[in-house]
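My notes follow, in the order I went through them.

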Amino acid sequence: MSILDNTLPYCRSCNQQHLQLILSLGQMPLANALLTADQLAWSEETFPLDLVFCPDCTLVQITETVPPEKLFREYFYLSSFSDTVLENAHQIASRLAATRRLNAQSMVVEIASNDGYLLNNYREAGILVLGIEPALNIARKAEAQGIRTVSEFFNVALAQRLRDEGMTADVIHANNVVAHVADLKGVVEGIGVLLKPDGVAVIENHYVKDLIDHVEFDSIYHEHLCYYSVTAFNNLFRQFNMVMVDAERIPMHGGSLRVFFQREEGPQTWEAVGRERVLRLLTEEQDWGVGQFAFYRDFGNKVAHLRRELLALLRRLKSEGRRIAVYGASAKSTTLLNYFGIGSEILDFVADRSTVKQNHYTPGTHLPIVAPEKLLEIQPDYVLLLAWNFADEVLFQQAEYRKRGGRFIVPIPELRVI
Ligand code: ZN
């Protein structure tokens with residue numbers, strides 16, 4: 001059943017109603033809704049997952065909005081468990097602290113600040129910080145580490161309240177936020193409200209170009225409502241009188257964009273070369289067809305091809321009596337395993353470094369999640385690496401497993417055995 005049959009979706013950015021279907025992933029459990037042993041007997045809630053393209057503003061998005069209370073009630077992702085994420089956070093914070101000349105009078109705000117992994121860099125440099133993190137259990141962790149944190153959803157009302165209390169931001173970070181929020185315009189408008197006149201908002205998000213080019217379909221899940229190009233970002237923020245003053249591609253999460261905005265009416269204090277980089281990226285996007293449905297249409301075929309290849313490999317290995325485990329109990333894993341229909345008939349268990357995920361079970365497929373040390377203990381013949389975006393990091397950590405003959409299957413961007 002296509003979403004276009006029974007609902008009348010409109011674009012989350014421009015409100016136009018010309019959405020075109022790119023790919024339907026069918027009914028899916030929530031990607032981060034890991035289960036306890038007790039919950040295995042219950043039936044899991046599933047929601048349709050359909051990816052569409054808006055030809056009017058170029059935004060790629062899904063049509064279903066799962067209520068945020070359901071998505072974030074138990075939130076398992078802790079940024080601090082990834083070295084790559086920590087290093088990226090450290091670099092951008094040092095760079096901004098220096099170039100924006102931040103000091104003890106400056107204020108840096110992060111929306112969806114998680115456990116404070118990013119703000120901590122500023123705090124250590126003596127700069128005031130404020131985290132905004134709706135997940136209570138994680139906000140508490142941040143507070144315990146000395147990161148002042150408001151445990152609420154960010155929107156215009158909260159931004160106004162903070163401003164009324166005298167808190168305005170020299171820098172606002174929002175990493176992977178504008179993909180997640182149902183109240184997209186409320187967040188973007190709120191950023192404008194909370195910024196000082198010459199403040200800068202730094203937005204990081206997965207880049208739709210990398211998603212399409214590298215068949216990163218496992219980045220599609222209910223928490224990710226939107227998939228951005230520079231063009232789509234520009235069209236969205238312009239509605240709220242914000243100007244893109246810089247843009248760059250970064251390697252995070254299989255390919256991301258980092259875009260910088262300042263208020264249109266404020267003094268735009270960013271270096272002029274940033275605007276040139278923005279123009280160059282916008283021109284590049286025109287060239288690859290950012291506004292043409294044809295560019296996105298092929299994506300579904302590539303996903304189907306990957307599915308055939310991976311299933312053939314796993315079934316052959318299984319028929320040869322090989323034992324196969326998984327590395328990474330991430331949201332990505334939920335999409336890939338459920339859409340490809342791979343479960344306990346082929347896979348034994350999932351290893352993950354996150355201690356909050358261990359002793360739970362994967363959504364839909366019900367595989368047990370264990371500590372990575374189990375890989376050495378059990379020594380399965382193959383490990384399907386679904387945290388492929390951290391491949392270098394995981395391969396390095398698992399040097400001993402590999403030395404003893406263990407092999408990794410990396411499905412994305414293209415299927416390979418290491
Ligand atoms: Zn649109």
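I started with an open sheet of six strands, which runs β14-β13-β12-β15-β16-β17 with mixed pairing. At its edges I found β14 and β17 (416-417), each with a single partner strand, so one side of each has no neighbour in the sheet. For my own bookkeeping, strands are DSSP runs of E of at least two residues and helices are runs of H or I of at least four, numbered from the N terminus. Two strands pair if DSSP finds at least two bridges between them.

Before going further, I noted that this is a predicted model: local features need pLDDT of at least 70, side-chain atom pairs count only at pLDDT 80 or more, and totals for chains, interfaces and linings use all residues. Residues are numbered from 1 along each chain as its sequence is written, and side-chain values use heavy atoms, with hydrogens and water left out.

Back to the strands. I looked up β13 and β14, which pair in the parallel sense over two bridges. V350 has I369 in β14 as its bridge partner.

**The other sheet**

Here I traced seven strands in an open sheet, ordered β6-β5-β4-β7-β8-β11-β10, again with mixed pairing. The edge strands are β6 (149-150) and β10 (242-250), and each pairs on one side only. I then picked out β4 (residues 107-111) and β5 (residues 128-132): they pair in the parallel sense over five bridges. V108 sits opposite V129 in β5.

**Where the domains meet**

I have domain 1 at 79-295 and domain 2 at 299-417; such bounds come from an automatic or database domain assignment. Their C-alpha centres are 31 Å apart. The contact (heavy atoms within 4.5 Å) takes 18 residues from domain 1 and 21 residues from domain 2.

How much area is buried between domain 1 and domain 2? I get about 1,700 Å², with carbon and sulfur atoms giving 65% of it. That is the accessible area (1.4 Å probe) the two parts lose on being put together, summed over both.

I counted five residue pairs in polar contact between the domains, both residues at pLDDT 80 or more. A polar contact is a pair of N or O atoms within 3.5 Å; within protein, one must be able to donate a hydrogen and the other to accept it, and residues adjacent in sequence count only if both atoms are side-chain atoms. On the side of domain 1 that touches domain 2, α3 (83-99) and α8 (208-213) each supply at least two residues.

**One salt bridge across**

The structure holds 19 salt bridges (a side-chain nitrogen of Lys or Arg within 4 Å of a carboxyl oxygen of Asp or Glu). R353 lies in the loop between β13 (347-351) and β14 (369-370) and D83 in helix α3, so this pair ties together parts 270 residues apart in sequence. I noted 4.0 Å, N to O, for the R353 and D83 side chains. Between domain 1 and domain 2 the count is one salt bridge.

Most residues other than glycine have a negative phi, and most peptide bonds are trans. I flagged A112, which has a positive phi of about 60° although it is not a glycine. A112 is in the loop between β4 and α4 (119-124). I also flagged the peptide bond from I412 to P413, which is cis with omega near 5°. P413 is in the loop between β16 (407-410) and β17.
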